[in-house]
Protein chains: 2
Amino acid sequence: MTEPSPRRRGRPSRTAAQESGPGARERILEAARAMFAERGYDKTSVRGIAKAADVDAALVHHYFGTKDEVFAAAIEVSFEPATVVPAIVGGPREAIGERLARFFISVWENPATRAPLLAIIRSALTHEAAAKVLRGFVLRRLLERIAADLDVPEPKFRAELAASHMIGIAILRYVIQVEPLASADPEEIVAQVSPTLQRYLTQP
Amino acid sequence: MTEPSPRRRGRPSRTAAQESGPGARERILEAARAMFAERGYDKTSVRGIAKAADVDAALVHHYFGTKDEVFAAAIEVSFEPATVVPAIVGGPREAIGERLARFFISVWENPATRAPLLAIIRSALTHEAAAKVLRGFVLRRLLERIAADLDVPEPKFRAELAASHMIGIAILRYVIQVEPLASADPEEIVAQVSPTLQRYLTQP
């Protein structure tokens with residue numbers, strides 16, 4: 001990813017306009033996701049992301065703003081709230097708990113999405129700046145949109161209770177790797193957790 | 001705590017025997033708990049703990065063994081499984097979920113026990129050695145003892161599901177500090193979470 005792209009050869013003076021094709025934004029996001037996952041929040045810089053994506057740092061700022069905003073955008077690539085939220089809150093209400101459990105487990109079971117999420121949680125637990133981003137951008141965008149569609153008292157509180165359970169499972173299963181949870185069949189986890197999430201998301 | 005104790009004056013050549021009174025073990029544990037909480041697993045050494053407790057490092061090894069074993073012992077001070085487990089598994093079975101929820105919340109609400117627990121979780125999320133200690137010593141000693149008293153299929157799996165929920169709540173409430181969970185009345189959390197834990201710990 002740090003290798004110069006072919007089109008760069010013989011073009012020493014690039015401008016943001018030349019690079020700002022539809023591919024540049026995706027390259028920046030991909031590089032940001034990889035760097036935050038690999039190095040953590042603290043050791044990742046806009047300059048480093050720009051270099052890995054083979055663009056000027058100015059273009060990263062142009063598309064995303066500050067490092068915190070790049071971080072938030074990189075996280076959203078994993079969550080994709082725009083597609084995830086309708087998939088969870090749509091469909092029959094009596095299976096919303098199971099849909100949410102299945103979504104979370106599938107994100108965590110996929111190494112490509114697990115790595116950046118673990119990096120985010122690690123960063124948020126050790127750096128207040130990363131915690132603030134997670135709190136402000138992601139949880140608000142993901143959980144508030146789920147909560148907006150719930151017909152329960154204190155929907156945000158309920159959505160957070162559901163999220164807390166899935167985050168705790170991820171930590172015990174994938175990070176601490178406590179047995180038998182670490183080796184349990186994902187479907188067994190979904191079966192146990194779905195009624196819990198269902199209650200939080202629907203019980204008056 | 002790093003100040004030399006009065007009895008040390010004029011006693012340049014201390015021996016382990018001289019220091020190994022009933023207070024020394026407690027001093028070492030207290031120093032270990034404070035240092036692991038403050039500096040994290042990685043930056044805490046047996047030598048540093050010994051210095052803070054005003055004892056020889058040999059005495060720390062004598063009482064506890066390796067750094068990992070000191071870490072485990074320091075964690076146990078917060079959990080106190082010997083007194084906690086009977087308090088949770090004893091009492092009427094129909095309220096075991098509420099007792100577990102209330103115990104976890106009370107440990108987290110108390111800053112004196114919250115700080116070392118957060119340090120443990122942070123350390124375990126960032127250092128495999130600390131994760132191994134948490135996995136091996138603490139979860140096994142605490143969760144296996146709770147599981148041993150449960151009359152459900154896969155009791156360890158059930159106990160871990162319950163623990164995962166409480167760990168996730170702690171992370172969202174005290175570390176990420178997402179609202180409204182961060183400001184919620186502890187009793188409201190206990191009320192919501194108790195039925196979940198009850199189901200994991202008792203439903204066949």
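Select the lining of the largest pocket: by class, seven of its residues are nonpolar, eight are polar and nine are charged. Here Ala, Val, Leu, Ile, Met, Phe, Trp, Tyr, Cys and Pro count as nonpolar, Asp, Glu, Lys and Arg as charged, and the others, Gly among them, as polar. This is a predicted model, in which local features need pLDDT of at least 70 and side-chain atom pairs count only at pLDDT 80 or more, while totals for chains, interfaces and linings use all residues. Residues are numbered from 1 along each chain as its sequence is written, chains are lettered from A and ligands numbered from 1 in the order in which they are written, and side-chain values use heavy atoms, with hydrogens and water left out.

**Stop 1: the pocket**

Stay with the largest pocket, which has about 600 Å³ of space. A pocket is an open set of points on a 1 Å grid over the protein atoms alone, where a 1.4 Å probe fits, with protein on both sides within 12 Å along at least five of seven lines; lining residues have an atom within 4 Å of a point. Grid points are joined across faces, edges and corners, and the volume is the space filled by probe spheres set on the points.

Which residues lie nearest the centre of the largest pocket? Select A:Lys43, A:Thr126, A:His127, B:Thr126 and B:His127, out of 24 lining residues. Then colour helix H2 (22-39) and helix H8 (111-126) in chain A and in chain B; each supplies at least two residues of the lining. Helices are DSSP runs (H or I, at least four residues), numbered from the N terminus.

**Stop 2: where the chains meet**

Show the contact, meaning heavy atoms within 4.5 Å. Chain A and chain B bring 39 residues each. About 3,600 Å² is buried between them, 66% of it from carbon and sulfur atoms. Buried area is the accessible area (1.4 Å probe) that two parts lose on being put together, summed over both.

On chain B, select H8, helix H9 (128-147), helix H10 (155-175) and helix H11 (186-202), each with at least two residues on the side that touches chain A. H10 of chain B gives the most, with 14 residues.

**Stop 3: local details**

Go to A:Pro180, in the loop between helix H10 (155-175) and helix H11 (186-202) of chain A. The peptide bond from A:Glu179 to A:Pro180 is cis, with omega near 10°. In chain B, the bond from B:Glu179 to B:Pro180 is also cis, with omega near 10°.

Next, select A:Asp54, in the loop between helix H3 (46-53) and helix H4 (57-64) of chain A. Phi of A:Asp54 is positive, near 65°. Most residues other than glycine have a negative phi, and most peptide bonds are trans.
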